[in-house]
Amino acid sequence: MALRTSKTDLLIIGAGPAGLMAACWASQFSEGMSTRMIDLKSARTATGHADGIHSRTLEIFDSFGIVDPILRRGVHEVEMGYWGVNTESGKLECQQRMRSQREGLSRFGQMLLNQGQVEQVMIDHINAQGHLSIERNKRADKIYFTDDPTHPVSVEVKSVRADRMVAAIQDGTAGEHGHAEVTEAIQAQYVVACDGARSLVREQLGVPLESKSTDSMWAVIDIVPITDFPDIRQSCAVHSDKYGSIMTAPRENRLVRFYLQLTGGSDLEKKALEQTEESPDAIIQLAQRIMKPYSLTYEHCDWWSIYPIKQGLVTNSQVKNRVFLTGDAAHTHSPKAGQGMNVSIQDTYNLVWKLGLVITGVAQPTILETYESERHPVAEQLMKMDAELVEAYERTGGSISHVSQIRDEHAGFMSGVEVTYPESLLVASKGGTERAKGITVGMRMRSWPVVNHANGSTVQLANVLSSNGAWRLVVFAGDLRQSEQTERLGAFTENFNKQPLLSSSRRTVPLKKGHMALEVILIHAGSRSSVSLMDLPEIFRPFDEKLGWDYGKVFADDESYGQGSGHAYREYGISEDTGYLVLVRPDQHVAMVTGIGDEEQIERYFSRWHARSSVYN
């Protein structure tokens, strides 16, 4: 039987956290880019699975305007307790409390909320955009390359009967042909594989997954505990010299998650390993032994599972610059640092805006190589950190000092905010930033409150850097009360308008096919009253015949009615006497830092990869 064929620019396989973030980005490039998204399951994750949300992930959600429901529904994690046995009394006691996250990393802390609700927030956003929908009960059955010059990736898709899907997943036969029939061959320009640790895409394209450690078995259970353990509503690492360790994490609706490693060294652990679907009683009994003398019972169990963890990393995360492996399809590891969902989301957040630029004709395909160069080192660092935590928790007896030391050493990485991408087509040289010591090229632009010049309201700079596909050139013009600074700003404007790519790209969103959006933002160091908005160059207050002036692109580093603003120049390490230009990518990472007057350098940056540019190539 001949397959029905169709074509799409972008195909997303898998609607878990990584896939849904990919779809959030794809929705921003709806004009000039077709996207489809398929998923095996009939519905989103119901409960259980991942539950930790780190700072950078919250920043990303905020950039799409969807962080509020997560902050409302989730549990704020602010402190971690380390419990161990007192060597003199033999009693279990809290031996150390520490902040869950180092101060000053982000305006967001850490949250705990089940994966299903996180997925629902992204699904609601995608539905509200109205540009694509999740095609459920569809399984990617085969993937291969063809000789089609524009849509070289072919994916044969099977439709799975919804009434058999639950049973198929439960009995492990979801991959058998008897539950589905091939209905379509989708021909795509690009494929983003978000299909999990058992990735069919990875397997069929022959991408090796290098194992970094031996397997370990874990039990995880979400219950509403009835207990007299005093720290049950905060994250804890509890170590019993005799019975091993347990990690706890408070959750929404009074739930608490318990993690236990199962070594099989006792009859009770063997019993837990042998359990399938009967009950989690053996897991609870293991937890009870570790937490003695505190009691632990429950009436409601929300979810539980026993599963193996193997640390693994693909040798390469892209195939022929057309198929990209993300999330668990590219890397697997233990749950000890709560990184799985976060790094998966951050993978596709890094990737899909680049795909959008290429597919809509803005950028040359060479920029897609930066997905490998930027995210593979992150996965390697994740493997290293995970191995150190496993060593600390399991092989050193849960040493409190060792565990806390490792977590502190990796705090910036664990939170995601200090991930720094190396020099590439999309990250300029890190040299020459002596006057902007608070900004790191390749790292996400750290947010700080500034004051809107027009209305006096205090806003986070990150709120001006929303994820809508636009680039931002942030002009730190210095103190405009000084005539030399005003003259320098005028010269900047004149020189900017002479640059072909910069001047033609200075437009606002929504994005249009073949056009790059570049927003120019001014942050001056003087008070609002010392500068008239209408005296500033038009580039900072663009005019629209229907909408009038744009009042959202000029900000002051000024105090405003006790709202915590001011001192942005100091925080970013920029002199008020000289100023600086900061180019920010659509994913909020700093692409370049250079001086006012070096506009040609920014033009040259874009010319290296812009699809319509032959200058400097």
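Mentor: Two strands are taken to pair if DSSP finds at least two bridges between them. Please keep in mind that the model before us is predicted.

Trainee: In which sense do strand β24 and β25 pair, and over how many bridges?

Mentor: Strand β24 (residues 471-478) and β25 pair in the parallel sense, over 7 bridges. One of the residue contacts in this pairing joins Arg 472 to Glu 519, its bridge partner in β25. β25 also pairs with strand β28 (residues 554-556), again in the parallel sense, over 3 bridges. There, His 524 stands opposite Ala 556 of β28.

Trainee: Are the residues of strand β25 buried or exposed?

Mentor: A residue is called buried when its relative accessible area is under 20%. In strand β25 (residues 518-524), 7 of the 7 residues are buried, so the strand is largely enclosed by the rest of the structure. Both of its faces are covered. Leu 518, Val 520, Leu 522 and His 524 lie on one side, with Glu 519, Ile 521 and Ile 523 on the other.

Trainee: How should I read a helix, and what span should the 20 residues of helix α9 have?

Mentor: An α-helix has 3.6 residues a turn, so residues three or four places apart point the same way. At 1.5 Å a residue, helix α9 (residues 340-359) should span 28 Å, and its end C-alpha atoms are 29 Å apart, which agrees. Of its 20 residues, 19 are buried, so α9 is largely enclosed by the rest of the structure. After α9 comes Gly 361, with a positive phi near 85 degrees.

Trainee: Where is Gln 285 found?

Mentor: Gln 285 is in helix α8 (residues 281-291). With a relative accessible area of 31%, Gln 285 is partly exposed. Its C-alpha atom is separated by 9.2 Å from that of Thr 297, 12 residues apart along the chain.

Trainee: How many disulfides does the count come to?

Mentor: A disulfide is a covalent bond between the sulfur atoms of two cysteines. The criterion applied here is a pair of cysteine sulfur atoms within 2.5 Å, and the count comes to 0 disulfides. For Cys 236, the closest cysteine sulfur is in turn that of Cys 94. Cys 94 counts as partly exposed, because its relative accessibility is 24%, whereas Cys 236, at 0%, counts as buried.

Trainee: How many aromatic pairs does the structure hold?

Mentor: A pair of aromatic rings is described by the distance of the centres and the angle of the planes. The structure holds 21 aromatic pairs. Among them is the edge-to-face pair of Trp 218 and Tyr 259, with 6.3 Å centre to centre and 80 degrees between the planes. This pair links distant parts of the chain, since Trp 218 belongs to strand β13 (residues 216-227) and Tyr 259 to strand β16 (residues 256-262), 41 residues apart. Trp 218 is buried at 2% relative accessible area, and Tyr 259 is buried at 11%. Elsewhere, ring pairs link Trp 353, Trp 471, Tyr 605, Phe 606 and Trp 609 into a cluster.

Trainee: Over the ring of which residue does the charged end of Arg 322 sit?

Mentor: The charged end of Arg 322 sits over the ring of Tyr 190, 4.7 Å from the ring centre. In another case, the charged end of Arg 541 sits over the ring of Trp 549, 5.1 Å from its centre.

Definitions and conventions:
Residues numbered from 1 in each chain as written. Predicted model: local features only at pLDDT ≥ 70, side-chain atom pairs only at ≥ 80, totals over all residues. Heavy atoms only, no water. Helix = DSSP H or I, 4+ residues; strand = E, 2+ residues; numbered from the N terminus. Expected span 1.5 Å × (residues − 1). Buried < 20%, exposed > 50% of the residue type's maximum accessible area, 1.4 Å probe, protein only. Phe/Tyr/Trp six-rings, centres within 6.5 Å; stacked < 30°, edge-to-face > 60°. Lys NZ or Arg CZ within 6 Å of the ring centre and 35° of its normal.
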